[in-house]
Amino acid sequence: MRFEDLVKGHLVKRYKRFLADVRLANGEIVTAHCTNSGSMLSCLEEGAEVAMSKSDNPKRKTPFTWEMIKMDKTWVGVNTSNPNKLAQKWIGKNWIPGLEGYTEVKREVVFGDSRIDILASNEKEKCFIEVKNVTYRHENWALFPDAVTSRGLKHLNTLVQAKEKGYRAVMLYIIQRDDVEVFGTASHIDPKYAETLDWAMGKGLEVFPVRAIVTPDEIKFDKLLEYAKFEV
């Protein structure tokens, strides 16, 4: 995923979950839309450099969308609408080891009373894939979630239902920062999610933590990370 002409500035504050004020180089303060509804632990620092995309749609109340923030020397992607786009492209191009060979990759597919992020299929199988954006870092760990997520629990249960019906089921975690080396669940934040993921994996759910390299020019596939048990 490539970007064109991102606007840079420095974060003044994030507020009301979905808004952020940013000071531009000329001193002007603009308001950007923040798609990330989580706590943004370890990727929220007032005064840090940020990059935003700008929409030409005159009907938008906030033309800017907050895309990334620079933490120390690392850009972290905070736009939660990007991982699904990345996942569709990377699966379609066979870039993710273990998720190759699919001839059709669809987004937003209905299954039961839920909507699954991606359905990848070929003549042999169908694979339901739920995609999550990961930005939370602790030392060299990437962790999910950064806040209690009842929605995430529902997705895990839905994927287990898909597996029980004979489909392949995958949790794909897109880690939008490259200063981490291993992935785990943040059981100290949401123990129920951690327990449910372990249960789901016991039922056949597969976990793919994919690290991305984020820059103001592009977000590109890097590599799979190890999934391990995180303990505080």
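This is a predicted model: local features need pLDDT of at least 70, side-chain atom pairs count only at pLDDT 80 or more; totals for chains, interfaces and linings use all residues.
**The largest pocket**

About 680 Å³ of space lies in this pocket, and of the 29 residues that line it, the ones to select for its centre are S37, T80, K132, F144 and R151, which are the closest to that point. If you colour the lining by element, two or more residues come from each of helix 1, strand 8, strand 9, strand 11 (141-144) and helix 2 (150-164), and strand 9 gives the most, with five residues.

The bond from F144 to P145 is cis, with omega near 0 degrees, and P145 itself sits in the loop between strand 11 and helix 2.

**Helix 1 and the largest nonpolar core**

Now select helix 1 (82-92), whose buried residues are N82, P83, N84, L86, A87, W90 and I91. Two of these, W90 and I91, belong with I96, I129 and L172 to the residues that have the most contacts inside the largest nonpolar core, a group of 27 residues.

Keep I91 in view and show what surrounds it: leaving aside its neighbours within four places in sequence, I91 is in contact with I96, L99, Y102, V105, I118, A120, I129 and L172. Another core lies apart from this one, with 25 residues, among them F111, F128, V160 and L197. Before leaving the helix, look at N94, which follows helix 1 and has a positive phi, near 60 degrees.

**R168 in strand 12**

Next select R168, which is placed in strand 12. Is R168 buried or exposed? Its relative accessibility is 15%, under the 20% limit, so R168 counts as buried. Its side chain makes a polar contact with the side chain of Y102 (2.8 Å). Beyond four places in sequence, the contacts of R168 are with G98, L99, Y102, E125, K126, C127, F128, E206 and F208.

**T31 in strand 3**

Move to T31, in strand 3 (residues 29-33), where a relative accessible area of 27% makes the residue partly exposed. The side chain of T31 makes a polar contact with the side chain of D21 (2.9 Å), and the residues in contact with T31, neighbours within four places aside, are Y15, L19, A20, D21, T62 and F64. For a sense of distance, draw a line from T31 to L86: the two are 55 residues apart in sequence and 26 Å apart in space, C-alpha to C-alpha.

**Two positive phi values**

Most residues other than glycine have a negative phi, and the last two stops depart from that. D5, in the segment before strand 1 (7-15), has a positive phi of about 55 degrees although it is not a glycine, and with 69% relative accessibility D5 counts as exposed. E139, in the loop between strand 10 (136-138) and strand 11, has a positive phi near 55 degrees, and E139 also counts as exposed, at 57% relative accessibility.

Definitions and conventions: Residues are numbered from 1 along each chain as its sequence is written. Side-chain values use heavy atoms; hydrogens and water are left out. A nonpolar core is a set of buried Ala, Val, Leu, Ile, Met, Phe, Trp, Tyr and Cys residues joined through side-chain atoms within 4.5 Å. Buried means under 20% relative accessible area, exposed over 50%, partly exposed in between (1.4 Å probe, protein chains only). Helices (H or I, at least four residues) and strands (E, at least two) are DSSP runs, numbered from the N terminus. Contact means heavy atoms within 4.5 Å. A polar contact is a pair of N or O atoms within 3.5 Å; within protein, one must be able to donate a hydrogen and the other to accept it, and residues adjacent in sequence count only if both atoms are side-chain atoms. On a 1 Å grid over the protein atoms alone, a cavity is a set of points where a 1.4 Å probe fits but cannot get out, and a pocket is an open set with protein on both sides within 12 Å along at least five of seven lines; lining residues have an atom within 4 Å of a point. Grid points are joined across faces, edges and corners, and a volume is the space filled by probe spheres set on the points.
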